[in-house]
Structures are given as structure tokens and as C-alpha cells.
Amino acid sequence: MNSQQHISILGSGNIGLSLAKGLVKSGICKPQQISLTRRNVAALAEYATLGYHVSDNNIRAVRKADIIVLAVLPQQLNKLLDEIRPALKPEKQLLISVISGVSCGDIRQQLDLNVQIVRAMPNTAIAIGHSMTCIATDNGTNKNINMAKSLFDTVGVTIQINEELMTSATALCACGIAFFLRSIRAASQGGTEIGFHAHDALKMAAQTAKGAADLLLQLSSHPEQEIDKVTSPSGCTIAGLNEMEHHGFSSAMIKGIRLSAEKAGDLYKKDS
Ligand SMILES: NC(=O)C1=CN([C@@H]2O[C@H](COP(=O)(O)OP(=O)(O)OC[C@H]3O[C@@H](n4cnc5c(N)ncnc54)[C@H](O)[C@@H]3O)[C@@H](O)[C@H]2O)C=CC1
Ligand SMILES: O=C(O)[C@@H]1CCC=N1
């Protein structure tokens, strides 16, 4: 982004606000270059004091934007698109949608405008700059894809995927945060049962999970390779692992991810 460009985030809730904070923290733009809209504008008061433009006026935010981020819930989207349609300048603006289950084609069809759209699927670790964000488009130019990528690179790791895989990315990465959190919570409950205070057990489980993830990311190794290093012959790790597998641990995760992906493809009701 250059210092003259403006980005408007329509629907500044969890994801929209985290993105705004990440962009400013990374130095890619100043708060004065960002407009935040929300129906309950009072909830954005703190952002106004930091220099962001805050309002409940989507039309005004769209008029001054080079980049528009759509960050409302799927069921809130059509109303928003109908509202902003007259203010859009398709040849000059890039639309980025973080909305689950809504394709670029769905958005263009509802708008009835040939606007450039890039989809981005971040997760809530965006709040601390550790999102896994998947980017896809069906008509965005390389310039616009790179622009979207550079925005989300400020709040984590970004990869470009085919648009058909966006619902799968939603399940694996966006919903995935909850799946891993639940695993850590379960481990901490096990830890409490075997003698640790709950707060210690949670910290120990979370740091252990972080170590496991970093082993894969930093060493580019495979989970089973790292598991083999832990499982001593006739030892306690393999006993615990096998017991978990007898109860369907891997299967439960795989089935949950499959169902989430199915549901993600079903979130948007075109007539809503
Ligand atoms: N929460 C998550 O982990 C992820 C969410 N997403 C997607 O991002 C989108 C936003 O999710 P969240 O931030 O979690 O939801 P949220 O509910 O926290 O934020 C949505 C915001 O949009 C506002 N809004 C609704 N209609 C509006 C309108 N017409 N004009 C202005 N503001 C309006 C709401 O007041 C709310 O503050 C959803 O479509 C979701 O599918 C994508 C990846 C991860
Ligand atoms: O649960 C949901 O529908 C949203 C989309 C991805 C994460 N949260």
C-alpha cells in the first residue's frame, strides 16, 4: 500500500478489527488510511481515538476506498452489497472478502457488477499476527492478488489456493483453531486428573502443543517422524497414543474437519 491509498473494512468485528490492528502494527499503513464500519459504532470509540475513521456509514467508507474488505457474517452480506452497490467504482477498487462460504461469483452476481474480488480466509490468530490465511480469486489480477497477500502477510502466513478449496481451507484453518484449542483443553483436563492444578496443566499443555507445531514448522519434518522420537519401546508414550487411537482420536478429527467443510459450503443463503 502506498501512503495515498485507503482501505475500508465493512463489518468491523473480530476479524475486521484484528486485520486493522495488524496492518497498522506492521507499518504497512496508518490508522488514518483505514475506515472501520459497524452497525454499533459506539463499539469502535477506542479506535476513533487512535486515528481510524469509524462510522456506521458504509457508503461513505466505500467512496473513499481503494480497497474494500467485506467482513460481515454470510447472512448479513446481501443487505450490505445492495447498500454499497451505487457507491462502488469497479474499475478502480479491489474487493477483498473474508466471508466464509461465499464465492467471488456469488458476490459479483449479487452486485451485478464486474468488480475484481479476492477472497481471504484468515483465522483468529490474526489478532496476534499468527494467522494461517488462504487467498483465492477467480478474476483478480496478479497485482491485486499480490496486494491482498501483502495485507494478510502482515498478520501471519499466507498461501494462494484454488477457489474451489476455500471451504476446505475454512474447515482446516479457520475452524481448525477451535479444533486445536479443544485438543489442548482436553490435554489440560487429563493433566489435572493426574495431579496438576488447572492453570498449570493448561500452560503445560499449550506450551507442549506449541513445541509440537514448531518442530514441524522449523524442522520441516513429518509428525510420525517426530512421534517415533518420543515413543520408547514398551514405553508410556506408545501406550497412551494407542489407547487414544483405539478410541478414535485421529478418526474424530478427520470426521470433524469433513463435516465442517461440508457446513462451510452451506453457510450462504443466496436469497438472504
Ligand atoms: N471468526 C472467525 O474465526 C472467522 C470468521 N471468518 C468470516 O469473517 C466474517 C466475520 O466474522 P467475525 O469477525 O467473527 O464476525 P463478527 O460478528 O465479530 O463481525 C461482523 C461485524 O459486522 C457488523 N455488521 C453486520 N452488518 C453490517 C453492516 N451492514 N454494516 C456494517 N457492519 C455490519 C456486525 O455488527 C459485526 O460487528 C464472517 O463472514 C466469517 O465467516 C473468516 C475466518 C475466520
Ligand atoms: O464458524 C464459522 O462459521 C466461522 C467461519 C470460520 C470460522 N468461524
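Author: The shell around ligand 1 divides into 12 nonpolar, 11 polar and 3 charged residues, where Ala, Val, Leu, Ile, Met, Phe, Trp, Tyr, Cys and Pro count as nonpolar, Asp, Glu, Lys and Arg as charged, and the others, Gly among them, as polar. The model is predicted, so local features need pLDDT of at least 70 and side-chain atom pairs count only at pLDDT 80 or more, while totals for chains, interfaces and linings use all residues. Residues are numbered from 1 along each chain as its sequence is written, and chains are lettered from A and ligands numbered from 1 in the order in which they are written.

Reader: How many residues surround ligand 1, and which are the closest?

Author: A residue is near a molecule if its C-beta atom, placed from the backbone, lies within 6 Å of it; here 26 residues surround ligand 1, and the closest are Gly11, Gly13, Asn14, Ile15 and Ser100.

Reader: Which residues are around ligand 2?

Author: Around ligand 2 are Ser100, Thr170, Ala174, Cys175 and Leu267, a shell of 3 nonpolar, 2 polar and no charged residues.

Reader: Which domains does the protein chain have?

Author: Domain bounds come from an automatic or database domain assignment, which gives domain 1 (7–169) and domain 2 (176–264), with 33 Å between their centres, taken over C-alpha atoms.

Reader: How many residues of domain 1 are in contact with domain 2?

Author: Two residues are in contact if their C-beta atoms, placed from the backbone, lie within 7 Å, and by that rule 7 residues of domain 1 are in contact with 4 residues of domain 2. The side of domain 1 that touches domain 2 has 1 nonpolar, 6 polar and no charged residues.
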